[in-house]
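I opened the notebook to look up a few local features and then the overall make-up. Entries follow in the order in which I checked them.

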Amino acid sequence: MRADCLACAVRKMIKEKVKTGVPGLDEMLEGGLIPARAYIVSGTTGSGKTTLAMQFLLEGVRQGERVVYVCLDAPPNEIKSDMRSYGWDIGRIQVFDATPDIMSYDKTPVRDVSTERRVIYFKDVPDTIRLTSERSPVDMTINTIQEILKQEMKERRYTRVVIDSLTSLRYFYIRTSEENSSMMSFLRLLSDLEVTSLLTLHLPEVSKPEVEVHVARGEIRLHKWIDGRGLVRGITIEKYRGSSHDHRLRFMRITPEGIVVKPVAPEKPAKRVVGELEGEEMEEQQPPQEHSSAQPPEAAPPPSDPEDIPPPPTDMPDHGGDGI
Ligand SMILES: Nc1ncnc2c1ncn2[C@@H]1O[C@H](COP(=O)(O)OP(=O)(O)OP(=O)(O)O)[C@@H](O)[C@H]1O
Ligand SMILES: [Mg+2]
């Protein structure tokens, strides 16, 4: 292929990519995500997975797309309330409440799922928590969730789906004996449905590779660690089949408007005196180590090859009141 044709093909591919809606992340992904594939967003607790996933769906709404959020970690009213802190209007995002009904202990036969659970707009989610008695008992399994998604996809053409989280899906709905095969079949279903999907995955402080990551087409990993300034956040693209991407760790902030990935720091930052300005970076930054208050930092491995870690940023802002 001639060089100019190759350039055209690359430009076309970038144009067709799905924008994540996270400032700075599309640049890392060379234009965005390849459509109709499933991607993992992984990170330890509080690293920003749900925030990133919501930004992805809101971008879809902005583009006039039909998007759906499958909540498994927290009930829709709680998610709706949490997202208000960013000032976002998530009313036009559709939501499927797949949170386990922990109060329901009576085993009942599987019913016609279409009449039991339905996808609604966030704007129609009441502010109060759903009571157990309001919901007809259903013996939910991974299969019923798959069926509901398939039925919904037949009726409405979603282009973006978020599963938040895959960790809860595995924990609540998949029996250990069928764990890996069920997970593979769930991810295959998403590919068959031709939606671009983000699946959040909770990483323990010390993580081992999960089967989902092997099967997914890409993995965006969120990091947080403590240094002399307090909590610092970062983001890496761990894997992206079929596309080039930024291999470096980039700093990010969770701001009152959501996640913002910082531009790459200059190759050779000017030396500065430690603590010269309020909130400024340490002169020598140690490779980050994943950290939460529950686990000492020395127990966790660095998130990526130390060679990939950028030089100390020159303009690290305050951390927006982040805490862990
Ligand atoms: N309005 C806001 N402005 C700035 N930061 C915020 C705001 N709201 C939340 N945060 C930060 O975002 C963090 C939570 O992000 P999020 O819920 O997306 O993380 P998560 O990875 O989904 O967590 P979990 O594993 O518990 O589901 C909070 O701990 C807080 O530090
Ligand atoms: Mg979350």
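Where is the place of Ser165? I found Ser165 in the loop between strand 5 (160-164) and helix 7 (166-173); helices (H or I, at least four residues) and strands (E, at least two) are DSSP runs, numbered from the N terminus. The peptide bond leading from Asp164 into Ser165 is cis, with omega near 10°.

I note the basis of these entries: this is a predicted model, in which local features need pLDDT of at least 70 and side-chain atom pairs count only at pLDDT 80 or more, while totals for chains, interfaces and linings use all residues. Residues are numbered from 1 along each chain as its sequence is written, and chains are lettered from A and ligands numbered from 1 in the order in which they are written.

**Overall make-up**

I read 9 helices and 10 strands for the protein. Of its 324 residues, 36% are buried; a residue is buried if 20 or more other C-beta atoms lie within 10 Å of its own, exposed if 12 or fewer, and partly exposed in between, with C-beta atoms placed from the backbone. For contacts (C-beta atoms, placed from the backbone, within 7 Å), I looked at pairs with a separation of 6 or more: residues 24 or more positions apart account for 76% of them.

**Positive phi**

Glu30 has a positive phi of about 55° and is found in the loop between helix 2 and strand 1 (38-43). Glu30 counts as partly exposed because it has 17 C-beta neighbours inside 10 Å. Glu194 has a positive phi of about 60° and lies in the loop between helix 8 and strand 6 (196-202). With 13 other C-beta atoms within 10 Å, Glu194 is therefore partly exposed.

**Asp26**

I placed Asp26 in helix 2 (residues 25-28). Its 19 C-beta neighbours inside 10 Å make Asp26 partly exposed. Leaving out residues up to four places away in sequence, Asp26 touches Lys19, Thr20, Gly31 and Gly32. I also checked Asp246, 220 residues from Asp26 along the chain: the two C-alpha atoms are separated by 9.9 Å.

**Ligand 1**

Which residues come nearest to ligand 1? Of the 17 around it, they are Thr45, Lys49, Thr50, Thr51 and Ser85; a residue is near if its C-beta atom, placed from the backbone, lies within 6 Å of the molecule. Helix 3 (49-62) and strand 9 (250-255) are the elements giving two or more residues to this shell, and helix 3 has the largest share, 3 residues. I sorted the shell into 3 nonpolar, 11 polar and 3 charged residues. Here Ala, Val, Leu, Ile, Met, Phe, Trp, Tyr, Cys and Pro count as nonpolar, Asp, Glu, Lys and Arg as charged, and the others, Gly among them, as polar.

Beyond four places in sequence, I listed the contacts of Val162 as Ala53, Phe56, Leu57, Tyr69, Val70, Ser197 and Leu198.

Conventions:
Two residues are in contact if their C-beta atoms, placed from the backbone, lie within 7 Å.
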